[in-house]
Amino acid sequence: MIFGMNSDTRAAKPTAVPASVGWRLLALLYDAVIAIALLFAVSALSLALMPGHRPVTPGSAASYLVFAGIWAAFGAYAVLSWRYGGQTIGMKPWRLRVVDGEGAPPAWRPLLIRYAVASVSLGTALLFGPGPATTTLAVGGVVSTAASIITVDDVFDTPHAYVQVLAFL
């Protein structure tokens, strides 16, 4: 949308409103495709590095190392995407964008907190299923109506940065 402006009028910042849960879930669904690709890449790397190119034994130290590698690979994808582009591939079709309270790219700390809390929330939902334990974990975020911008504030300093994660994930 194009707005006419005279020379002494400044562009108004979009007002922040909560993101629609539906758009967030659709973005998460798209990002699951990227997660599967990263899963295959890290798994292939682990096979290439294992003696005899055999799969890791479940419950072994190597299996936990592969899991940590998959988690770190997806974390790097998400956090770097949020930091440098403002959005992951799954967020682009829905025009969702991660920014700080002033519209700039967020600092590293809130992004790392966002990924850690989202990991705990998703892990809890997968382990225990839907229920009260999976509904109250925090993910910082507010969305703007003008460009669907998700704002991430430091969750320790900003009380409005807490958003419920759906139990039916």
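Predicted model: local features only at pLDDT ≥ 70, side-chain atom pairs only at ≥ 80, totals over all residues.
Is Tyr30 buried, partly exposed or exposed, and at what relative accessibility? Tyr30 counts as partly exposed, at 38% relative accessibility; buried means under 20% relative accessible area, exposed over 50%, and partly exposed in between (1.4 Å probe, protein chains only). Residues are numbered from 1 along each chain as its sequence is written, and side-chain values use heavy atoms, with hydrogens and water left out.

**View 1. The whole protein has 3 helices and 4 strands.** Helices (H or I, at least four residues) and strands (E, at least two) are DSSP runs, numbered from the N terminus. Starting at the N terminus, their order is β-α-α-β-α-β-β. Of the 169 residues, 30% are buried.

**View 2. Tyr30 and Trp94 form an aromatic pair.** Rings of Phe, Tyr and Trp (its six-membered ring) pair if their centres lie within 6.5 Å; planes under 30 degrees apart count as stacked, over 60 as edge-to-face and the rest as tilted. The whole structure holds 6 aromatic pairs. In this one, the ring centres are 5.6 Å apart and the planes stand at 65°, so the pair is edge-to-face. Tyr30 sits in helix α1 and Trp94 in the loop between α2 and β2 (97–99), so the pair ties together parts 64 residues apart in sequence. Trp94 is partly exposed too, with a relative accessible area of 22%.

**View 3. Now zoom in on Val79 and its contacts.** Contact means heavy atoms within 4.5 Å. Leaving aside neighbours within four places in sequence, Val79 touches Trp108, Leu111, Leu112 and Tyr115. Tyr115 also belongs to an aromatic cluster with Trp71, Phe74 and Tyr77.

**View 4. Leu29 is an exposed residue of helix α1 (residues 21–49).** Its relative accessible area is 54%.
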